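This report concerns a predicted model.

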Amino acid sequence: MASFPRARFMAIALIFHFVYIFSIFDIYFVSPIVSGMRLFAIERPTTSAPPASRLVLFVGDGLRADKAFQAHPEPYPETDKDLTPRPLAPFLRSKVLEHGTFGVSHTRVPTESRPGHVALIAGLYEDVSAVTTGWKMNPVNFDSLFNRSQHTWSWGSPDILPMFEQGAVPGRVDAFTYGAELEDFSSDAVALDYWVFDHVKEFFAEAERNKTLYNALKQDKVVFFLHLLGLDTTGHSYRPYSKEYLHNLKVVDKGVQEITELIDSFYSDDRTAFVFTADHGMSDWGSHGDGHPNNTRTPLIAWGSGVAKPELYPEKVAPGHDELSADWNLDHVRRHDVAQADVAALMAYLVGVEFPTNSVGELPLSFLAADIREKAEASLVNAQGILEQYRVKEEKKKSTELRYRPYRPLSENGLTPERRVADIRQLIVAGNLEEAIEEAAALMKVGLGGLRYLQTYDWLFLRALITIGYLGWIAYALTTVIDLHVLHGHLQPSRTTVGCLVFSSVLVALYASFLSSKSPISYYAYAFFPVFFWEGVFARRNSLVEGRKHLFGHIDSGASVVGLFFNCAIYVGIIVSLALGYIHREVLTILFILGAFWPVAYGFSFLQKHTALSVAWFLSCAAMSTFTLLPAMKVEDVSLILIGGAMMVVIGILYLAFEDFVLADFTWLEKPSPQRNHISRALVGIQIGLTLLSMVVTRSSALSLQAKTGLPPGNQVMGWVVLVAPFLMPLLYRLQPNTHYMHRILVVFLTCAPTFVILTISYEGLFYVAFSALLVSWVRLELATYRFTLAKTTIPKVATGSTGKSEGEPKLDSPFRPLTLHDARVALFFFVLLQSAFFSTGNVASVSAFSLESVSRLIPVFDPFSQGALLILKLMIPFALISANLGILNKRLGVAPSALFMVVMAISDILTLYFFWVVKDEGSWLEIGSTISHFIIASLLCIFVALLEGVSAMFIAGVEVAGPEVTETAVNGAAAETEVKKVNGTADDLPAATKPE
Ligand SMILES: [Zn+2]
């Protein structure tokens, strides 16, 4: 009977969380791209040419700034002299020292190839909603430098080039790409760069023979784009300190030199501008995506026609340097840093085309070889382009808002955009050029501020709405839990006409305002949930009153109220400290160290009675506390993998040796052991064998990949066998089931063990062992403390629940005991363990870093989808363990299977709400991006817990445990410990398979 409200609750939880995750998209991920802007170009008399006739853009994909300039020994030394550090990109360096301007180009997050290229070439920071399309497709057509050019020819990866080709006027951009098969991970990735250089060389050779092509190349305003993916691929495979990466840098430098010389001699007019940069950097562990400075700092070197010569400060440290460039040996050359989108503005200026219409880049004047008048002109045009976007967006907003509030700096005191532009024009005419430049720069800042203002116009209202929604959900969920699992659903909701009227008119009012301002359809859903939840809570106010009596009935004195308050504060404090754990994993270390002493709280007599268990708990907590101190970014360590695997094998063998002891609930039987279940023992043996096999295969594959001899096909096949076979083993146990819960936990443990070994990079195997030990001791300790508390205090809590009061006997309706305050703590422990299942071996960054060592033992070729699926499998395994254990605990404590899960679903949104509040609305995109991902993870957690309940039901199907018999005993008044022991004994000493129902 309870299954219908439960299913309804789950369905509401799922829909609510999915819908509310999208609120983030409406608040933070609204695309900044609009259309309908006028174009602005620097007006020149027909007699004067733009700074350059053509532009060549080289992008060293994944080249981080310091590696481009540092000195390193020869990657593949042949003589002793090669060991002396030297710059590995001598050609680019000569441009910095003698011919051009250089600096660091700072990217935004996500530091991925697509947004990086969009910033470079279109001058806009793509909204993160592009994530949802995998950054492959063009979610919105945006303008780009290539689309402004007379014609663009591009060479490189099929993942990057097509988006600029498809977004542009048909026929304007030519993209020459290699096939995806060339991006094979195990082959040498410099092949990708050679492919590009070779094809460009062929292309110019062809132009000498082909008159049409020759003429096309000789036009003005043409762009050549060379996308060099090799560094990104070698960086992922071998990391940026590797000889492979550094060698690839040499290849790129050589290629850039050859292409530069080729183009210079093809045109021989010195009218070509060259820009070399990267789309994003690369972390020390060979990844990118997050906002670590190594990922956001890329080199920018420009030279050729229209570019300023280096500013030299002999014998001094030139301006612009910091500790980053301290070891570049370029101290005497001025360093000019830019934001990544500024590169688009620079290139548009150099080749003499309009700024791309969506560009927010600010022209870096120090890169220009131009007089101050030209710089002032260019800045003004730049500012006009940005203001134009503001104008279009503001008009759009004005047309839908009832009472539009304009952006103050662009409306007050008559300082309209037009007026400010005219003022700057006046300054230029009057020759106040410095001032004009300053004013234009200030105007650009104001314009960007205005764009941001419009982008965040709806935030205050939406955030308030979403917050009320989440609070409503928490209240609604707790009310439902009280209704179902404390009162066992014997109270009906009571609705009044006035109440219905109030709630429905709130909804109607909200919908009316959405309708008038043409709000997105999703707003209607955001408004629906808060009204729905709070109405539900209001209708069930009687349950709340009744539930308060049941749960808090024993709290009558002032002191106990204070105590309850104190406990609640600690409770919420722990949940919020988990939020800090998302950023600082060490928080979990502290929680585990504190948790290790938990049994002490039950006093000396408890410790005396459960010494071994308390010690086991203490040790496993202590072991768990170490993992969050280890780095989340792991370096492959074969011996740690093998130690972890060996411990799993030893646990399996110990189980076989001491099966009788374990199945008797860790007591030595005095009577003869029951008949042994030989089939299940044999199957456990096979599982141990599979774990051993996975260790052998993993070791061999890891060593051969480290030696770069590729993955032998035999290893790959065996790898898949040890990955798949263990998951079939649980089916075989049906031949002769052993329903004892300890046996089931061991089977689950051994089922996932081989997978965990083969997908491990370093210490994760040790974590798997410690985590399993912790879970088993947790389940046993919870039961022990529960029985202990019952026995010791004749339990006012349960007595209240089970003797019932006015509305009859709740126990009659349900086979399960009602929840008590004690269970709230169990739910909290579960929640902490849930977090540690993820954060013990990694963090958000390490997941997005996508470390591939482990999965390349199974899939050596780069295949993000399948490799990602394997990584997710590995992430999920600890959760499978935890859900199996919680399922067993549920049974042993005698509460309804879903009860504890539902409590966690309610409290987990305290975390979600916390993350929703701390989402940054200002500051760097690094902060905004990471806080948003935390919010999404926290929201999904609730859905995830709902799924875990299903997983746990699957794992523990048919398991029999010694349940709450003791409860009966205790409640019946015979609370002496001897009695408990006796019941304990009779229930547990029976062989599991023959235990009476
Ligand atoms: Zn990239």
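## Helices on the sheet

Helix α3, which spans residues 90-99, lies across β4, β8 (272-277) and β9, and its direction is at about 60 degrees to that of β9. Helix α7, made up of residues 190-209, also packs on the sheet, where it touches β5 (151-156), β6 and β7 (222-228). The direction of α7 makes about 155 degrees with that of β7, and because angles over 145 degrees count as roughly antiparallel, α7 and β7 can be described in that way.

## The sheet and its strands

The sheet is open and has eight strands, arranged in the order β6-β5-β7-β1-β8-β9-β4-β10 with mixed pairing. Its edges are formed by β6 (173-177) and β10 (338-339), each of which pairs on one side only.

Within this order, β4 (residues 101-106) and β9 (residues 297-304) are antiparallel partners, joined over six bridges.

## The contact between α7 and α10

Besides packing on the sheet, α7 approaches helix α10 (residues 243-267), the two axes coming within 10 Å and crossing at roughly 5 degrees. Since an angle under 35 degrees counts as roughly parallel, α7 and α10 are therefore roughly parallel to each other.

On the α7 side, the contact involves V190, D193, F197, V200, K201 and F204, which meet N248, V251, V252, G255, E258, I259, L262 and F266 of α10. By residue class, this contact comprises nine nonpolar, two polar and three charged residues.

Key: Residues numbered from 1 in each chain as written. Predicted model: local features only at pLDDT ≥ 70, side-chain atom pairs only at ≥ 80, totals over all residues. Pairing = 2+ DSSP bridges. Helix = DSSP H or I, 4+ residues; strand = E, 2+ residues; numbered from the N terminus. Contact = placed C-beta atoms within 7 Å. Axes fitted to C-alpha atoms, helices over the stretch in contact; angles between N-to-C directions. Parallel < 35°, antiparallel > 145°, perpendicular 65-115°, else oblique. Nonpolar A, V, L, I, M, F, W, Y, C, P; charged D, E, K, R; others polar.
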